[in-house]
Every structure is written in structure tokens, then in C-alpha cells.
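Dear colleague,

I am passing on the structure below, followed by some notes on what was found in it. Please keep it open while you read.

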Amino acid sequence: MKHPPILRSILFCLSFGVLSCFADPPKVIIDTDFNTIGDDGQVAVMAAQLYAQGTIDLLGFTIPSGNQWRDQEVSDCLKAVERLGIENRVRVYVGAQYPLLHDYKSYLYEEQLFGKSIDYVGAYASPQPNPNQLVPPPDGFATHTKPAKQDAVDFIIETVHRYPHEVTILEIAPPTNMALAIRKDPTIVPLIKQIVTMAGQIFVPGNAYLDNAEFNWWFDPDATQIVLRAAVPHFIIPLDCTNNVPLTQAVFNQIATHQPQTIITKLFTQAFGPSVGPGTFIYDTNALGFFVHPEFATLKQGIWVDIYNTFDANYGKSIPYTSDPSPAIGLLQESTVIFAINTAAFYAFYVDLLTRPVPVKFVHPPPHDFDDD
């Protein structure tokens, strides 16, 4: 029997629990240096599935340079929203092309002063390409989806004002967009619900350039300092945590052999298989897991985190304090640092979301398409 939309909604609520159904899902902007099926791309897939089931309200993707140059990331993210079937619901907002100070020439100077890289440098592995040099994902460029006309910084500002104390920033990129938004309109700071970020290294080595710093914060240390010092509740998932949550062969096999296959499981298998090495990590997915399930955290600590932004070999390295080093000034903000998560619970969450049908299947009546603003 076919029920009208309002009755279908009521029946869904009764099946899943009235309180959880009628509670507004948490609103989130995902600030991401996007890639097709690396950790950022996996977050997009997982977030789209959570959005479709009504667990989160995914407000948009904002894109700065980081893993790749911004325009390549935007292109890949546009394809992702089409692939996932959310292009009429979730827009892609073009953000910062360059960090505040640490641009490509600065990186070349860094190499002159301190030596060639021994680890990951993201977009800085090569000069910025021309717009006509974009590389398509394995299943081709987006065919009909365009970036939002509004830029990422203004979108963040406008959205935080529209939903005061409701918007989480899931910061899984160098925080250039967020820093620019704070500088352009500081009145958003007390209105942001929280910033949940995968970034930094507290007591472990880094994973970028000379291994002194974690990549997201090394790529734009100056933006990082602005964001860390803003009076916003901060939750940091650093390398101390993510190093202990690798993509294992067993987890890979659950996704690669899942039936029926989807375009996501195919892309995932092509990218990572057939043998997963011990150094394969899924960093940013940990931050999404904590955002949706804060109970995943098994070890956390309040730490005042600052950043080295002097131009030396420690550029971008975290500086942790277990107490406020300048309480009279209030310069630093206390962050909640997540040092460990329930890996079994997280892996189950991860595999489930990456193996669901694609395009995603919405459980609520679809909203109207975007207008052309």
C-alpha cells in the first residue's frame, strides 16, 4: 500500500523512535581539501549516507587547497556529489586558493633552507596547474553540477549567522577558509557550536615535509593559529589518535568484497587494493566518527594547543600545554584532544557507511532543488 508523504514520515518516526526522529539533526559544514576516495573522499561518502538517513544536516562542502590544488579538489568534489546523488541538496563552495602566507614559493624557499621533503606535501608536490590541466576521476568529470556562486568564506559567515550556536565546522583541511571567515567577521566566533578537526600531532612525530608537523597544520600554520586561538569549543583528533586507526587488510577486505558492489566500493578497491600496507591511514574519517558518535572517544584530555608559525624546520608543529601558559591574557583556548577511540565500533561504522547503496537513498521526502541564486 502506498502511503502519502506525511504518513510515510510518521511511520518512519515510529519505527526509529519518536524522539530521535523529531530531534533536529546536527548541522555541519565540511571544510575539506577534497580527493576522490582518499580520507576526504571517504568522509564525503559517509556524510552523504548519514545525511540521507537524517543523522546529520549536511549544509555544504567548502574547499581550500591542501591535498591538491583547490580547483582540482573542487572538480573532484563536484563529481562526488553527483556520484552520491546529493547535487541538488548539497553545494560545493570554492574557498582559498592559497594559505595565508605559506604559498608554493615559500615552500620552495623552505626546501632551500631546511632540505628536501621526506614526507607528504600535498599540492606542493608540483606547481599549480593551469585550469585546463584538471585530471578527471576514474568515472569522469561532473556532467551537470557547478560550484556555488557564493564563495566558501561568505557561506561560512552567512550560515553561522543563520543558525547561531547550531553549526559544527568539521575541519578536515588546512583551516584557511575558517581563518579568513573569522578575520572577515569576528562576530561569528561566539556563534559557532564547535570545531571538530583532524589535525596536529601532540606527542608523536608529524607526517608532512620533515615529519615535524602534521600536514593540515603545516600547510597553513598562520590560519591554524587564528582558528586555535578563537574562543570556540575545539575538539582535536591528532595523529596520536589516527596513527592507531589504520586501514587494515581485514577492514579493506570487508569493503572490497562487499556484495553488491557500488561505484564507491569499486573506486575504493582500485585505489587501495589488493594489499593494504601498514602505513595506510584513514585520518579524516576519525573526525567524522567522533562528530557523529562522541562516545567513540576512549581517551581525551584538555590541552591548550598553539602552533609554531616561525619560518623554521618546526613550522606548523603543535605546541601543547597541559595548563594555560598565559591565563591573565587568555591568549590560548583549551581544546579537547582525542587520543584514542573505540576502534571496533569505529570500523563497524566506517564499513557500514562505505558499503551502502549509491546513489544514497533518502528516508525523508526530498526538498525542492536549489534555485539559481
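Is the crossing of α6 and α7 left-handed or right-handed? The crossing of these two helices is right-handed, a crossing being right-handed if the near helix is turned clockwise from the far one by less than a right angle, and left-handed if anticlockwise.

Before the details, please note that this is a predicted model, in which local features need pLDDT of at least 70 and side-chain atom pairs count only at pLDDT 80 or more, while totals for chains, interfaces and linings use all residues. Residues are numbered from 1 along each chain as its sequence is written, and side-chain values use heavy atoms, with hydrogens and water left out.

**Helices α6 and α7**

The axes of α6 (residues 152-162) and α7 (residues 176-184) come within 9 Å and cross at roughly 60°, and the two helices are therefore oblique to each other (angles under 35 degrees count as roughly parallel, over 145 as roughly antiparallel, 65 to 115 as roughly perpendicular and the rest as oblique). Ala152, Val153, Asp154, Ile156 and Ile157 of α6 make the contact with Asn177, Met178, Leu180, Ala181 and Lys184 of α7, where contact means heavy atoms within 4.5 Å.

**Helix α9**

Helix α9 (residues 221-228) is mostly covered, with 8 of its 8 residues buried (buried means under 20% relative accessible area, exposed over 50%, and partly exposed in between, with a 1.4 Å probe and protein chains only). Among the elements that cover the buried residues of α9 are α7, β5 (194-198) and α8 (215-219).

**Pro325**

Pro325 is found in the loop between β8 (318-321) and β9, and is partly exposed, with a relative accessible area of 43%. Not counting residues up to four places away in sequence, Pro325 touches Trp304 and Leu332.

**Aromatic pairs**

The count comes to 29 aromatic pairs, where rings of Phe, Tyr and Trp (its six-membered ring) pair if their centres lie within 6.5 Å, and planes under 30 degrees apart count as stacked, over 60 as edge-to-face and the rest as tilted. Trp69 and Tyr124 form a tilted pair, 5.7 Å centre to centre with 55° between the planes, and both residues are buried. Phe268 and Phe272 also form a tilted pair, at 5.0 Å centre to centre and 45° between the planes; being 4 residues apart in helix α12 (residues 263-272), they are separated by about one helical turn. Phe268 is buried, with a relative accessible area of 1%, and Phe272 is buried with 18%.

With best wishes

Key. Axes fitted to C-alpha atoms, helices over the stretch in contact; angles between N-to-C directions.
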